[in-house]
Amino acid sequence: MTAPIPRDIPDLPALPGMPTLLPSAVPAAAVVTPVRRPLAAVYRLLVALAAAAGVTIDLLLGSPVRVLSYFTIQSNILLAVVFALSARRAWAARRPLPSAWTGATLLYITITALVYHLLLADASPAFTMTGTTTALTGWQWISNQILHTAVPLAALLDWLLLTPRGRLHLRQAATWLLYPLAYLLFSFARGELIPPKTPGRYLYPFLDVDLHSYKNVLANALLLGLAFYGLAVLLVALDHARPNPVRPRRKTGFRLQPPVG
């Protein structure tokens, strides 16, 4: 004869030292099958080639050391590298580059276009990166239009038409200004290493200490820095407010990829 089963069974105490299982996030690549984007890949590759072509023309027409010292050239080189990598990832259906990279590239190339068209385009003598003081003609005019107009416009179109919205973040805006600040210090150091009254000692007229003194140049740099930060914040705000040009993919269930190795 068996004993009756008690109605209330007391809870067993937890065993000491048992690890707590933490929730693990499933990566998006394991849930949704990546999709190739050949249109975005071809477009970004063409933009990268255009930027590289403009830089190459200026390198052939002027002193490479002088040409590579311009913010315009450096921002276009950065854009060419980032867009080439983005094109490869879009073609191979891989995850896009971090938004910190693409957002910084967009900001710098936009600064290049705005500073040129608002401050330098109507300068006398004509602004040039090859050291000449005559009006731009021929290949100089072509490279100038590529680097200051065509490539920045193409980068903006890529952001508006081929890039998912909401990828930029406000916390990134201040970090993006580290490069313009470093370029300002580079400009001062370069000017100190070159003998006074040497033509082209300072590459941009608003950074020319010989003409404006350090006090006025620093004031100009502060105003430009505030404007650049405002531009970065504006890009972030527009990135979250604009329509999404990339149609979101529907999740039809888990499609776990086989383990590697």
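This is a predicted model: local features need pLDDT of at least 70, side-chain atom pairs count only at pLDDT 80 or more; totals for chains, interfaces and linings use all residues.
Colleague: Into which class, buried, partly exposed or exposed, does Asn216 fall?
Modeller: Residues are numbered from 1 along each chain as its sequence is written, and side-chain values use heavy atoms, with hydrogens and water left out. Asn216 belongs to helix 9; helices are DSSP runs of H or I with at least four residues, strands are runs of E with at least two, and both are numbered from the N terminus. Buried means under 20% relative accessible area, exposed over 50% and partly exposed in between, with a 1.4 Å probe and protein chains only, so at 41% relative accessibility Asn216 counts as partly exposed.

Colleague: How far apart in space are the C-alpha atoms of Asn216 and Phe206?
Modeller: Asn216 is placed in helix 9, which spans residues 209-241. Along the sequence Asn216 and Phe206 are 10 residues apart, and their C-alpha to C-alpha distance is 9.0 Å.

Colleague: How many helices does the secondary structure of the protein comprise?
Modeller: Along the sequence the pattern reads α-α-α-α-α-α-α-α-α. The protein has 0 strands, and its helices number 9.

Colleague: Which element has the highest mean pLDDT?
Modeller: For the protein the mean pLDDT is 85, with 78% of the residues at 70 or more. Among the elements, the lowest mean, 49, belongs to helix 1 (residues 28-31), while the highest, 96, belongs to helix 4.

Colleague: What is the relative orientation of helix 8 and helix 9?
Modeller: Two packed helices are described by the angle and the distance between their axes. Axes here are lines fitted to C-alpha atoms, for helices over the stretch in contact, and angles run from 0 to 180 degrees between N-to-C directions. The axes of helix 8 (residues 178-193) and helix 9 come within 11 Å and cross at roughly 170 degrees. Angles under 35 degrees count as roughly parallel, over 145 as roughly antiparallel, 65 to 115 as roughly perpendicular and the rest as oblique, so helix 8 is to helix 9 roughly antiparallel.

Colleague: How many charged residues take part in the contact of helix 8 with helix 9?
Modeller: Contact means heavy atoms within 4.5 Å. Helix 8 contributes Pro180, Leu184, Phe188 and Glu192, and helix 9 contributes Val209, Tyr214, Val217, Leu218, Ala221 and Phe228. Ala, Val, Leu, Ile, Met, Phe, Trp, Tyr, Cys and Pro count as nonpolar, Asp, Glu, Lys and Arg as charged, and the others, Gly among them, as polar. By these classes the contact has 9 nonpolar residues, no polar ones and, as charged residues, 1.

Colleague: Into which class, buried or exposed, does Ala87 fall?
Modeller: Ala87 sits in helix 4. With 7% relative accessibility, Ala87 counts as buried.

Colleague: What is the phi of Ala93, approximately?
Modeller: Most residues other than glycine have a negative phi. Ala93 lies in the loop between helix 4 and helix 5 and is buried, at 17% relative accessible area. Although Ala93 is not a glycine, its phi is positive, at about 60 degrees.

Colleague: Which element contains Ser213?
Modeller: Ser213 also has a positive phi, near 75 degrees, and is a residue other than glycine. Its relative accessibility of 32% makes it partly exposed. Ser213 lies in helix 9.

Methods. pLDDT is the predictor's confidence in each residue, from 0 to 100.
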